[in-house]
Amino acid sequence: QVQLVESGGGLVQAGGSLRLSCAASGRTFSNYVMGWFRQAPGKEREFVAAISRSGSSTSYADSVKGRFTLSRDNAKNTVYLEMNSLRPEDTALYYCAGRYGTVIVSRRSDYTSWGQGTQVTVSS
């Protein structure tokens, strides 16, 4: 079990960049597949990106490919989501999630640990 806390959200102009961080507590962070989800008002929570335990493999939603980069630093128990070329449609509450295991997954139900979310607002 890990506790997750997101940070780094804020207000940014379209075309700008932002880096989100997710700090995990616990001794088994390196055993967790980590993912990011987002939820905009009136919409379902959607998959954004996920990263393998070692950080060697990543998966991205089509909507963010080429713009977002997911990485992790297991020594710091932290996962990062660097967001570039932000668009107004990226505006959402972003959640960090963890799944104990090895397989990268994109379904909400497959993740067992969740952060409280951090708000990202992109103005036009």
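Strand E5 (residues 46-51) is largely enclosed by the rest of the structure, because five of its six residues are buried. The model is predicted.

**Pairing of E5 with E4**

- Strand E4 (residues 32-39) pairs with E5 in the antiparallel sense, and the pairing comprises five bridges.
- Within this pairing, glycine 35 has alanine 50 of E5 as its bridge partner.
- E4 and E5 form a hairpin with six residues between the strands. Glycine 42 in this hairpin adopts a positive phi near 80 degrees.

**Pairing of E5 with E6**

- E5 is also joined to strand E6 (residues 58-60), by three bridges, and these two strands run antiparallel.
- Alanine 49 has tyrosine 60 of E6 as its bridge partner.
- The hairpin of E5 and E6 likewise has six residues between its strands. In its turn, glycine 55 has a positive phi of about 90 degrees.

- Serine 52 is located in the loop between E5 and E6.
- This serine counts as buried because its relative accessibility is 9%, where the cut-off for burial is under 20% relative accessible area.
- Leaving aside residues up to four places away in sequence, serine 52 touches Ser57, Arg72 and Ile104.

**Positive phi at asparagine 77**

- Asparagine 77 has a phi near 55 degrees, which is a positive value in a residue other than glycine.
- Asparagine 77 is placed in the loop between strand E7 (68-73) and strand E8 (78-83).
- With a relative accessible area of 19%, asparagine 77 is classed as buried.

**Positive phi at serine 85**

- Serine 85 is not a glycine, yet its phi is positive, at about 50 degrees.
- The loop that holds serine 85 lies between E8 and strand E9 (92-100).
- Serine 85 is partly exposed, having a relative accessible area of 40%; that class lies between the limits of under 20% for buried and over 50% for exposed.

- E5 pairs with E4 over five bridges and is joined to E6 by three.
- Asparagine 77 is buried, whereas serine 85 is partly exposed.

Definitions and conventions. Residues are numbered from 1 along each chain as its sequence is written. This is a predicted model: local features need pLDDT of at least 70, side-chain atom pairs count only at pLDDT 80 or more; totals for chains, interfaces and linings use all residues. Side-chain values use heavy atoms; hydrogens and water are left out. Buried means under 20% relative accessible area, exposed over 50%, partly exposed in between (1.4 Å probe, protein chains only). Helices (H or I, at least four residues) and strands (E, at least two) are DSSP runs, numbered from the N terminus. Two strands pair if DSSP finds at least two bridges between them. Contact means heavy atoms within 4.5 Å.
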